[in-house]
Amino acid sequence: MKRRSVLLAALALTTASGGTAMAARKPSAAGKRVVVYYQTQYANGTYVSPLALTEHRTGVTDVLVAAVHLNDLNGPYAPVHLNDDPPGAAKYDRMWRDLKTLRGQGVHVLAMVGGAAPGSFTRLDEEFDTYYPLLRDFIRRYELDGVDLDVEERMSLAGIERVISALRADFGADFIITLAPVGSALSGGGNLSGFDYDALYRSRGGDIAWFNAQFYNGWGRMNSTADYDAIIARGLIPASKVVAGTLTSPANGGSGYVGMATLKSTLGALASKHPGFGGVAGWEYFNSQPGGTAAPWKWAAEVASALKIRR
């Protein structure tokens, strides 16, 4: 993922614990997910709303707001940042309202934690009791449906297991926990996270909803099914828990962008080849092709059609 600089109205329900307004959830089609990463909330000074994803009935199932960082408590920045600012900054007020609207329309909203900017997971690993409460309280404040743990720095297996166990204990069985490894990390190859994903899946697989595997920047490709197939062929992680992550624009990563026609062909082949195929994730929303900045929602609509997701 990038560096720092870089969810039909539903019936509101009231929970017994604290009266938080929640909404009925729309299930995704047969395990297929259309996941959109939403990091650039302002492009050239103009706010980028995610609401077009539901206004145009794209079939989006999950929106991942990025990127959350846990900062050094002794440093110059606020303890929790969303990109370059605290999540409570006025610039994000409209975004949080829009994300709440998406949740009311049945789209899951998660926070992506970490990414290429280092430090968050080192702190969770080495000073858990100090930094985990910051993450927990952020999730509670913004009533998120889950978190995407994008570990792109060295972290111990015991450390990531502890984070997952704490999230499950604090937020219950319905809370969505995903991870975002590079694709090769799930097929026995290169890995940015330090810990072994096979070992993690064996110990915490029941708590992991799915993996947003990154098939770009040299860690895999989506111009064919080969790299995805290599993961499933190992027989450990089922296709229902592997979402194929891809770039939505050649401007969004160093390499590995696949044009829409090729991507749709690959997705169709994967859905045919692997029953329960987990779906697709796109990095990132604001400039997604083929609509670009004028109509970034078109990416989600196109891939949903390739996966035959009813909209």
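This is a predicted model: local features need pLDDT of at least 70, side-chain atom pairs count only at pLDDT 80 or more; totals for chains, interfaces and linings use all residues.
What radius of gyration would a compact globule of 311 residues have, and what does the protein have? I started my notebook there. A compact globule with 311 residues would come out near 19 Å, and the protein has 18 Å, which agrees.

**Entry: the whole protein**

I looked up the extent next. The C-alpha trace spans about 50 × 40 × 40 Å along its principal axes. For the secondary structure I found nine helices and 13 strands. I then checked burial, and 56% of the 311 residues are buried.

**Entry: strand E8**

I turned to strand E8, residues 108–115. Is E8 enclosed or open? Eight of its eight residues are buried, so E8 is largely enclosed by the rest of the structure.

I then looked for its partners. Strand E6, residues 62–70, pairs with E8 in the parallel sense over five bridges. Two places to look are methionine 112, whose bridge partner in E9 is aspartate 148, and glycine 115, which stands opposite valine 151 in E9.

**Entry: strand E9**

E9 is mostly covered too, with six of its six residues buried. Which residues point which way from E9? I noted Gly146, Asp148 and Asp150 on one side and Val147, Leu149 and Val151 on the other. The aspartates Asp148 and Asp150 are buried along with the rest of these residues.

**Entry: on to E10**

I followed E9 to its next neighbour. Four bridges join E9 to strand E10, residues 176–179, and the two run parallel. Aspartate 148 turned up again here: its bridge partner in E10 is threonine 178. How does the chain get from E9 to E10? I traced it through helix H5, residues 157–171, and this β-α-β crossover is right-handed.

**Entry: where I ended up**

For my own summary, I wrote down the pairings I had followed. Aspartate 148 is a handy landmark, with bridge partners methionine 112 and threonine 178.

How values were computed:
Residues are numbered from 1 along each chain as its sequence is written. Side-chain values use heavy atoms; hydrogens and water are left out. The radius of gyration is taken over C-alpha atoms; the globule rule is 2.2 Å times the number of residues to the power 0.38. Buried means under 20% relative accessible area, exposed over 50%, partly exposed in between (1.4 Å probe, protein chains only). Two strands pair if DSSP finds at least two bridges between them. A crossover is right-handed if, with the strands pointing away from the viewer, the path from the first strand over the helix to the second runs clockwise.
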